[in-house]
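User: I am new to this structure and would like to understand the words used for it. Please set each value against its definition as we go.

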Amino acid sequence: MNAVKSIFRNPPLLTFVLVALVWLVAGLTLPGFGAYGHLRYLLELAAVIGIVAAGQTLVILMGGIDLSVGAVITVTAILLPLISPIWDPTGLVGIALALAIATGIGFLNGAGAAYLRVPPIIMTLAMATFLQGLLVVVAGGSAVTVSNPAVILLGQARPFGVPSGVLLWLVVSAVVLALIHRMPIGARFLAIGANPLAARLSGVSLTRNTLILYALSGFFAGLAGILVLGMNRQGYVGIGDPYLLTSIAAVVLGGSSILGGRGTYAGTIPGAILLVTTTALITVVNASPGWRSIMFGTLILALLLISGREARR
Amino acid sequence: MTDQKPLLEARQVFKGFFGNPVLKGVDIALHPGRVHALLGENGAGKSTLINLLSGALQPDSGTIAVDGKPVGRFSPAAARAAGIAVVQQELSLTADLSIAENIGLGAFPRRFGLIDYAELHRGVRNVCDMVGLTEPLDMPVADLALGRRQMVEIAKALFRRPRVLILDEPTSSLSAHEAGILARVIETLRDRGTALLYISHRLNEVQALCSHVTVLKDGGVTADQSLSGIDGEGLVRLMVGRETGDLFPPRAAANPGALRINVEGFSAGLVRDIGFSGRAGEIVGIGGLVGQGQEDLLLGLYGAIPARAAKAEVSGKPGLPAHVGSANAAGLVYVPADRKHEGLVLPHSIASNLILPSLGRLARNGFRDRGAETRLIAELAKRLTIKGDVARPVQALSGGNQQKVALAKWLPLDPSVLLLNDPTRGVDIETKREIYLMLRGFAAEGRLVIIASSDTPELVHLCDRVVVLREGRVAAELAGEAISEEAIVGAAMGVDRKGTAA
Amino acid sequence: MSAVSSSGWLYGAIQRRRNRGLGGLYLVVAAFLILYAVLFPGILSVGGFSKFTQNWFPLALVTMAQALLMLNGGITLAIGPLVSLGAVIAATTMEGVFGVPGGIVAVAFTGLAIGAVIGAIVAHLRLPAIIVTLAGSFIITGVALILLPRPGGFIPDWLSNMLAGHTPVAFLLLVVVLLAWKAFLATPLGLGIYAAGDNPVGAFRSGVPVERAKIVAFALSGLLAALAGLFVAAQTGSGDPVIGTPFTLNSIAAAVLGGVGFLGGKGTMRGAICGSLLLSVMINVMFFLGFPPVAQYIAQGLIIVGAVAVPELLKSWRAKR
């Protein structure tokens with residue numbers, strides 16, 4: 001009984017147990033679900049959400065929200081093929097440029113929030129709107145095919161049978177977990193998320209941390225954009241849209257407080273897997289788009305009821 | 001008078017939060033026409049008892065009785081219907097609504113389902129006259145200073161024509177003048193037969209106004225008796241349960257050292273063009289009525305709000321700190337008055353709060369050194385006698401212990417200048433003494449302590465020098481024998497001679 | 001001594017003071033309207049005015065729906081889907097036995113009910129509004145897609161002509177809605193929505209039914225959004241399950257333009273209405289000047305940031321002086 005209680009008190013663990021249960025039940029009842037290839041495919045999809053949600057987790061821990069991650073993914077996926085220089089056979093220069101642009105966009109978000117005092121939800125929403133317009137001007141609305149070898153390698157290669165996207169996710173997870181739990185900046189993010197004024201008067205610089213934070217979120221969204229591009233081999237307007245809501249949902253499912261100051265990326269990881277799994281199950285039952293949408297919404301709501309309850313004011 | 005039935009009483013109420021009992025079988029009875037004092041150190045359960053009496057919380061067991069009849073589920077609405085009004089320590093006002101709408105909120109007179117603004121105006125005018133609120137009634141509360149908002153809060157309680165009025169630290173942000181008005185209001189209500197419950201840390205107010213006292217200690221009642229024949233010493237003994245000795249440590253022989261802070265033509269927020277200086281080893285007090293720029297002076301020196309000065313030297317370097325980081329680097333630290341909102345990250349652990357300013361200093365190669373952090377936290381907890389598990393959230397601590405955490409977190413930086421804003425507000429006597437001792441110790445170690453305070457005895461007995469601010473300017477600078485309550489209050493009120501101010 | 005001399009005028013004095021804070025915004029709106037009238041004098045005819053207000057009307061409604069919740073300290077991301085659902089229900093019920101009145105009742109009831117349910121979840125289960133409405137937006141979109149998988153349905157021509165024809169009916173309806181809001185704000189519950197947004201604990205202790213206020217706010221917000229959907233359906237003559245999508249962002253943008261804050265209790269409904277008018281004028285101007293829709297996005301992004309940043313910068317600039 002106590003073990004059950006402690007699971008309910010530990011949202012990351014709760015989410016993880018839920019994933020295990022869903023995989024177990026689905027694996028036993030649905031033919032093909034438990035196959036290695038299928039599970040690997042699920043993890044590959046979860047990797048993209050997980051990487052976007054890495055930035056989103058940090059932002060939400062600090063009490064903000066980044067509504068521009070979808071647009072940043074799209075920007076990266078469309079610009080990368082266009083800006084990868086032909087003289088570079090490895091394709092790494094293109095990746096570096098694309099990541100720099102994504103980080104720069106995030107930095108601009110941070111600058112708006114820190115210097116112009118625009119609330120992050122507005123700043124990032126406006127940024128998303130702005131980028132949406134800019135993209136159509138740049139790309140003209142047509143899809144671009146990628147030929148950058150490094151990107152294709154990232155999206156398609158499977159060293160030792162493990163998709164390289166999943167490996168990238170492992171690296172990102174290690175970095176983000178260390179950042180939150182092992183580095184001063186993580187503690188500062190959490191302090192700002194819980195009480196920005198007290199943090200500032202304790203010598204924590206809001207400006208500096210806000211800039212770093214949103215730049216990081218932009219960076220991770222850019223990384224996810226490159227991965228998506230590699231997996232799809234094509235970039236088009238709207239490719240990043242699904243990842244905005246799923247990244248926020250993954251963070252919330254992982255038990256982090258949407259109000260900031262409490263949570264961990266350790267919850268977001270199973271949160272991302274849970275999202276992908278249930279979306280896959282919804283697809284399996286072959287429902288119409290309307291029913292799929294209803295199921296997805298109900299799912300988020302139901303999981304929120306279990307894990308995401310906010311403490312009383 | 002005492003044979004009358006109590007209007008409101010709590011009988012053997014128990015209440016706990018998250019398994020921690022806060023009230024353990026408390027009885028209290030409020031009689032009409034009597035001002036009843038509720039005393040107790042912070043964390044003794046006073047706020048919880050008030051919340052039970054006003055319906056904001058439900059007791060775990062025991063009953064709340066109105067007019068001798070136990071009530072079932074008590075809600076704020078039911079309490080209001082029973083004629084109970086509370087002036088809370090934390091204001092219940094809505095910044096963007098007008099004074100009148102705030103006063104009427106939750107008790108609006110209605111006509112055809114709409115708010116009857118004409119009726120509201122009459123009622124509000126009436127109570128505002130009682131408490132001396134002369135501001136236009138259509139003015140948004142956001143435009144009022146803190147002390148005036150407190151008066152609106154009091155008017156709001158009076159508007160409900162209470163039979164029982166509970167006042168929780170009503171004078172903590174009031175000027176002496178406003179506190180005087182409040183005292184007269186309380187006396188009027190008492191004579192009209194209202195039952196009053198008065199909570200304050202200022203014992204002279206309790207002595208002047210109250211006739212009966214209930215003392216809470218660790219969730220139980222330790223005294224429930226008449227106040228006649230009990231002096232200040234006696235009150236303190238009732239609260240602490242033993243002799244306290246002198247609250248203030250003896251003043252050391254003043255031998256100020258090097259100039260640590262020296263500003264001329266300094267302006268920040270409300271502060272306009274003042275000169276200010278402090279030397280190592282000094283305790284400098286900043287006095288004045290509420291909201292005369294005391295906080296802005298500290299924040300300006302700390303780099304937390306924009307400030308400028310014609311000439312400035314801080315810790316031997318020219319110029320003011322541009323932001324908090326550079327102030328910390330120059331050896332300045334700041335302990336805010338509002339520890340819940342400004343001083344502490346409440347939901348985080350005691351340990352996280354203690355370590356926050358030292359995070360960067362303790363890190364090695366960019367990573368946190370858990371061993372060093374644990375050692376430092378243990379040392380700080382020991383030095384400030386913060387008992388128990390440091391992994392508890394800091395909001396679980398009493399006010400006094402929270403204040404200790406807010407102060408202790410700065411010690412690892414070895415600050416040369418401590419800026420303290422009302423460090424003993426809402427702090428129990430025992431912790432107050434500890435804090436005073438600590439501040440004296442800091443001065444003896446050659447640090448400069450600058451303390452803004454609303455508690456005049458504190459300025460008189462603790463400080464080597466007192467600067468009184470009035471409307472953002474220095475109204476008086478007192479040192480040594482010249483520091484007296486009369487001199488401080490007089491300068492704060494803008495009168496030269498004592499006596500005319502009170 | 002008091003600015004309120006006779007007792008009957010307290011209400012008026014409070015209203016005047018609220019207007020005074022918005023003087024700058026009124027000037028900007030007036031300037032834009034004049035500029036618009038100079039560029040497109042057609043607006044001064046009855047037909048032109050009607051068309052202009054018809055474009056503005058649904059935006060004004062959803063802005064009110066959003067501002068209502070922002071004043072209460074919440075936010076909703078379900079505006080767009082509710083507009084779509086309103087349009088779909090209007091287009092699928094009006095050919096039923098109860099005809100147009102039945103359709104209007106169905107739309108209004110759906111909006112109120114969905115809003116109330118979301119509000120109850122937020123208020124009683126203490127879940128953050130932004131996530132609940134996000135999840136809700138999926139469910140509502142799903143329902144709309146099931147009811148009407150692709151654009152279609154039926155709206156009687158006379159209704160379209162009445163609401164979106166050459167008469168300023170939309171404007172008159174807006175006036176009615178605004179008067180209803182004013183009356184609501186003069187009730188204890190209406191002011192309670194404000195108070196609960198700014199200082200929920202204080203409002204609760206003052207005896208304001210904070211939870212009921214929140215549910216009512218969500219329900220009214222749902223009603224307004226669904227009615228905006230009905231109007232859009234009448235405008236286009238059919239239902240479309242995704243037609244409401246842009247309204248979520250626009251409702252937030254307009255409310256922010258009108259000075260409604262995110263933390264609750266800050267701002268005014270009249271400001272929000274001005275914000276929606278401003279946004280509507282800007283969209284119209286860009287449309288008529290032949291800007292591609294793309295440029296609208298870019299401009300909108302800049303406008304939103306500017307609307308928030310400029311007052312903030314002015315404030316800190318003033319503080320420094």
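User: What makes the radius of gyration of chain B agree with that of a compact globule?

Analyst: The radius of gyration is taken over C-alpha atoms, and the globule rule is 2.2 Å times the number of residues to the power 0.38. With 502 residues the rule gives a value near 23 Å, and chain B has 24 Å, so the two agree. The C-alpha atoms of chain B fill a box of roughly 65 × 50 × 50 Å along the principal axes. This is a predicted model, in which local features need pLDDT of at least 70 and side-chain atom pairs count only at pLDDT 80 or more, while totals for chains, interfaces and linings use all residues. Residues are numbered from 1 along each chain as its sequence is written, and chains are lettered from A and ligands numbered from 1 in the order in which they are written.

User: How many helices and strands does chain B have, and what share of its residues is buried?

Analyst: Chain B holds 18 helices and 23 strands, where helices (H or I, at least four residues) and strands (E, at least two) are DSSP runs numbered from the N terminus. Buried residues make up 52% of its 502 residues; a residue is buried if 20 or more other C-beta atoms, placed from the backbone, lie within 10 Å of its own, exposed if 12 or fewer, and partly exposed in between.

User: What is the corresponding picture for chain C, and how does its radius of gyration stand against the globule rule?

Analyst: Chain C has 14 helices and zero strands. For its 321 residues the rule gives a radius of gyration near 20 Å, and chain C has 20 Å, which agrees. Its C-alpha trace spans about 60 × 50 × 40 Å along the principal axes, and 53% of its residues are buried. Among contacts between residues at least 6 apart in sequence, 78% join residues at least 24 apart, a contact being two residues whose C-beta atoms, placed from the backbone, lie within 7 Å.

User: Why is α7(C) called roughly perpendicular to α11(C)?

Analyst: Helix α7 (residues 157-164) of chain C and helix α11 (residues 210-236) of chain C pack at an angle of about 110 degrees, with their axes 8 Å apart. Angles of 65 to 115 degrees count as roughly perpendicular, under 35 as roughly parallel, over 145 as roughly antiparallel and the rest as oblique, and therefore α7(C) is roughly perpendicular to α11(C). The contact is made by L159(C), S160(C), L163(C) and A164(C) of α7(C) together with F231(C), A234(C) and Q235(C) of α11(C).

User: Which residues meet where chain A touches chain C, and where it touches chain B?

Analyst: The contact with chain C takes 40 residues from chain A and 37 residues from chain C. On the side of chain A that touches chain C, α6(A) gives the most, with 13 residues. As for chain B, 19 residues of chain A are in contact with 24 residues of chain B, and α9 (184-194) and α10 (196-201) of chain A each supply at least two residues of that side of chain A.

Terms used: Axes are lines fitted to C-alpha atoms, for helices over the stretch in contact, and angles run from 0 to 180 degrees between N-to-C directions.
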